[in-house]
Amino acid sequence: MPNRRPSPADIDQAVAALRRGEAIGLPTETVYGLAADAANPEAVRRIFALKGRPADHPLIVHLPDVEAMPAWARDIPDAAWELAQRFWPGPLTLILKRQPRVPDEVTGGQDTVGLRVPAHPLAQAVLQSFGGGLAAPSANRFGRISPTRAGHVREEFGDAVPIVLDGGECEVGIESTIVDLSARRPRILRPGMIGRAAVEAVIGPLGENGEGDDDAPRASGTLEKHYAPRTPLRLVSRAELTTAGRDGRVLALATVPEGAHGLALPAHPDGYAHGLYAALRELDASGAARLLVERPPDDPRWLAVHDRLRRAAAGAGPDAETGT
Ligand code: TXA
Ligand code: MG
């Protein structure tokens with residue numbers, strides 16, 4: 001059962017916990033974050049311990065508004081202000097040169113920092129009241145499926161994270177687009193629902209996309225195994241869905257074909273992204289022997305969804321637990 005929506009007193013309690021250096025579950029419009037005071041190294045280390053995440057994987061700092069950007073980043077290029085003005089608050093993360101005050105724990109020791117102003121009203125309320133920056137990776141254990149509902153965060157951490165603010169289902173459903181503005185040529189490090197064309201419409205041509213890199217520090221390349229269910233998962237054509245068998249489950253576009261069992265998501269990238277992680281969690285919990293996912297259309301608007309499905313397929317299976 002969903003909990004009641006947080007009251008002002010709940011927000012005060014969450015902010016007090018953040019001030020004590022604790023981590024809380026915080027809804028954003030992309031996915032739920034595991035948030036802690038970004039200026040407090042010990043609080044940031046707690047996030048890594050809870051997630052089981054390697055210490056050299058940098059975290060995104062969430063800010064209440066664009067005016068907070070210069071406190072965390074230096075040498076801010078015009079492109080950053082232009083993108084911030086167009087897309088913040090919203091599902092876009094900017095990688096910029098960091099201010100010296102940003103703890104190494106946040107950046108994985110790199111000279112850059114990821115910044116984002118989230119749009120979710122509860123994230124906004126907490127950030128405005130807290131007044132500082134909140135480091136917040138997706139609120140899942142390392143290598144697992146990102147949470148898009150408060151219940152998912154409780155499944156991941158249980159009593160280890162006693163405060164989870166329930167903001168309902170995340171509207172976007174997959175993680176923010178990451179644009180690196182710290183190098184000479186801007187480029188996308190992780191695709192998201194703000195697509196390449198939308199970014200280029202604001203700041204002009206981008207360099208070649210990184211491979212996408214969730215949870216991977218830029219230097220050490222990509223982690224293919226990610227967003228991974230424990231059940232083996234394959235991407236297939238629609239015709240192949242019926243080969244899932246009685247003990248298999250499918251994730252189809254628009255409708256589950258006759259003779260197959262499972263779930264369908266909207267045949268539109270926004271609706272699909274919105275429902276993707278909850279569907280993967282539900283299918284993973286179904287006890288199925290295998291998951292067959294219908295491959296979405298080969299179209300730039302589906303790029304971010306393809307990226308997440310490819311990683312889910314690469315990491316799926318009973319030994320995905322290690323997440324490396
Ligand atoms: O939508 C989102 O971005 C969510 C919500 C909670 O805001 N957060 C999220 O955080 O997805 P996380 O930690 O799961 O992914 C952060 C990504 C990783 O791929 C990390 O490598 C990259 O951001 N990142 C963070 N700081 C970076 C930096 N300084 N340079 C390059 N990549 C960075
Ligand atoms: Mg993540």
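1. Start with helix H2 (41-51): its buried residues are covered by, among others, strand E2 (33-37), helix H5 (104-107), strand E6 (134-135) and helix H7. Contact here is heavy atoms within 4.5 Å, and helices (H or I, at least four residues) and strands (E, at least two) are DSSP runs numbered from the N terminus.

2. A quick word on conventions: this is a predicted model, where local features need pLDDT of at least 70, side-chain atom pairs count only at pLDDT 80 or more, and totals for chains, interfaces and linings use all residues. Residues are numbered from 1 along each chain as its sequence is written, chains are lettered from A and ligands numbered from 1 in the order in which they are written, and side-chain values use heavy atoms, with hydrogens and water left out.

3. Which residues of H2 are buried? They are Ala-43, Val-44, Ile-47, Phe-48, Leu-50 and Lys-51; buried means under 20% relative accessible area (1.4 Å probe, protein chains only). Their arc around the axis is only 165°, so they sit on the same side of H2; the arc is that of the directions from the helix axis to the C-beta atoms.

4. H7 (residues 150-157) has Ala-150, His-152, Val-153, Glu-156 and Phe-157 buried. These cover an arc of only 155°, which puts them on the same side of H7. They pack against strand E1 (24-26), E2, H2 and H9.

5. On aromatics, a search of the whole structure turns up one pair. The ring centres of Tyr-272 and Trp-302 are 5.3 Å apart with planes at 70°, so the pair is edge-to-face (centres within 6.5 Å, using the six-membered ring of Trp; planes over 60 degrees apart). Tyr-272 is in helix H9 (residues 269-284) and Trp-302 in the loop between strand E12 (290-294) and helix H10 (303-315), so the pair ties together parts 30 residues apart in sequence. Both Tyr-272 and Trp-302 are buried.

6. Have a look at Trp-72 too: Arg-101 lies over its face, 4.3 Å from the ring centre (the criterion is NZ of Lys or CZ of Arg within 6 Å of the centre and within 35 degrees of the ring normal).

7. Last, the largest pocket, with a volume of about 320 Å³. A pocket is an open set of points on a 1 Å grid over the protein atoms alone, where a 1.4 Å probe fits, with protein on both sides within 12 Å along at least five of seven lines; lining residues have an atom within 4 Å of a point. The volume is the space filled by probe spheres set on the points, which are joined across faces, edges and corners. Of its 18 lining residues, Met-193, Gly-195, Arg-196, Pro-300 and Arg-301 are the closest to the centre. Helix H8 (196-203), H9 and H10 each supply at least two, and the largest share, three residues, comes from H8.

How values were computed: Phe/Tyr/Trp six-rings, centres within 6.5 Å; stacked < 30°, edge-to-face > 60°. Buried < 20%, exposed > 50% of the residue type's maximum accessible area, 1.4 Å probe, protein only.
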